[in-house]
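Here are a few friendly notes on helix packing, for you to read alongside the model.

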Amino acid sequence: MANRRLLVKRRRAVRNIRKITRTMQLIATARFQAAFNRATATKPYTEKLTELADDLSRAAGDVEHPLMREPQDVQRSCLVTISSMRGLCGGYNAGVLRTAVKHLIEQEALGIQTDISMVGKKGINFFKFLKRPMVEQITHLGDKPAFEDVEPIANALMDRFIKGEIRSVYVSYVKFISAAKQQPVVVRILPLSKEDTKDNVTEAHEAQASIDYEFSPAPKELLDELLPATVRARLFQCFTDAIVSEQIARMVAMKAATDASEDMIKLLTQQYNRARQTAITMELLDIVGGSNALK
Amino acid sequence: MAKRTTFQCSVITPERAVLECETTSVVFPAHDGELGVLVNRSALLCRVGIGAMRIQQASGMQTLFVDGGFAQIVDNRLTILTEQSKKPEELNTEDAEQALVEALAMDMVEDAAFTARQRAVKRAKIQIRLSKAK
């Protein structure tokens, strides 16, 4: 008897959990849509900027810019890691943090110290657990990072880079490739290399003969403004990408949880029915046995 | 073939495309003063300053606040890339006035700080003007 009651109780608990996970899945789906729209809205800006940078560097000839220098003598670099503020998103944080730690170990092997800027509570807690010091802990960005919020971070990094305090800046985040594929990556955003400015340029643009622009002010000065803008835009893109990936990860995790709870409910129902049937059979046997004895 | 009288104009920020339209004339704040664009303008790459840009559309004049960035004109397509752009109805006089007070209180000891202050003051003043004019 007690067994049956227990089964009913457990089934009820699992049903409640299913209700919650399903709701969380729906919320994540809605948030994913919003985040995805934001991420795609960022694309035209970044693409256009890269295109302009390409046109400009072609016009300006060989460019020398403080943001493109690769200082060899500085033994310190910086890593911005973008993790999530909340849990229940499957392997999302584990993925980012694993690649981040791997990167740190690689850098250490090269004798380079890395300053860590950590975005998101989950990453902060993990690094506290590892007892690794973090230079900066960023938790104010939330689900919809505004460009104005990301801008100061990028500016501070560029400042330190130009002053020669750090030799490079890396960002580790989960790159959004498609709705079915996201990948934790470490990308270098500083120093800018020529290939970096080219990788986004569309082929159509590549094929297009260079346009005879009128420049105002001179190409060199324009480039001075354009390159920092590219860095800011790329960092911002990382943030929006990371948010999209996070929502997908959460969606998938919650879908899996809902499915698992459904299976479990089925199993529990089966067990309960079997227990009930056994009890009925036992009772019947009792009654039949009793009446037989009276005959 | 009919003579072309309009050209494409788009204003893009990192967060969204603010404006995408056909227009006959645009005036935007360049880094060294206002710059007017008509149809068939030759290719140009230019730095954008802080200020109000005016776009002549079929439905009337549209004003936008832009905050620095770049303008590119190729093949009757004007693209303005700016880090911040707002329509006048999105601006709020009180917020802008608050921003002006803060901007005026900014430090102006070093060169960099001084320029930053100048920019902030200018930005706030233009926002106030635009938000009042709407």
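This is a predicted model: local features need pLDDT of at least 70, side-chain atom pairs count only at pLDDT 80 or more; totals for chains, interfaces and linings use all residues.

1. In chain A, helix α2 (residues 92–109) packs against helix α3 (residues 121–130) at an angle of about 55 degrees, and their axes are 10 Å apart. Residues are numbered from 1 along each chain as its sequence is written, while chains are lettered from A and ligands numbered from 1 in the order in which they are written.

2. The crossing of α2(A) and α3(A) is right-handed. A:N93, A:V96 and A:L97 of α2(A) meet A:K122, A:G123 and A:F126 of α3(A), with contact taken as C-beta atoms, placed from the backbone, within 7 Å. By class, this contact has three nonpolar, two polar and one charged residues.

3. Over in chain B, the axes of helix α1 (residues 93–104) and helix α2 (residues 111–133) come within 8 Å and cross at roughly 160 degrees. That makes α1(B) roughly antiparallel to α2(B).

4. The crossing of α1(B) with α2(B) is left-handed. On the α1(B) side the contact residues include B:A96, B:L100 and B:L104, and on the α2(B) side they include B:V121, B:A124 and B:I128. By class, the contact of α1(B) with α2(B) has nine nonpolar, three polar and four charged residues.

Key
Axes are lines fitted to C-alpha atoms, for helices over the stretch in contact, and angles run from 0 to 180 degrees between N-to-C directions. Helices (H or I, at least four residues) and strands (E, at least two) are DSSP runs, numbered from the N terminus. Angles under 35 degrees count as roughly parallel, over 145 as roughly antiparallel, 65 to 115 as roughly perpendicular and the rest as oblique. A crossing is left-handed if the near helix is turned anticlockwise from the far one by less than a right angle, and right-handed if clockwise. Two residues are in contact if their C-beta atoms, placed from the backbone, lie within 7 Å. Ala, Val, Leu, Ile, Met, Phe, Trp, Tyr, Cys and Pro count as nonpolar, Asp, Glu, Lys and Arg as charged, and the others, Gly among them, as polar.
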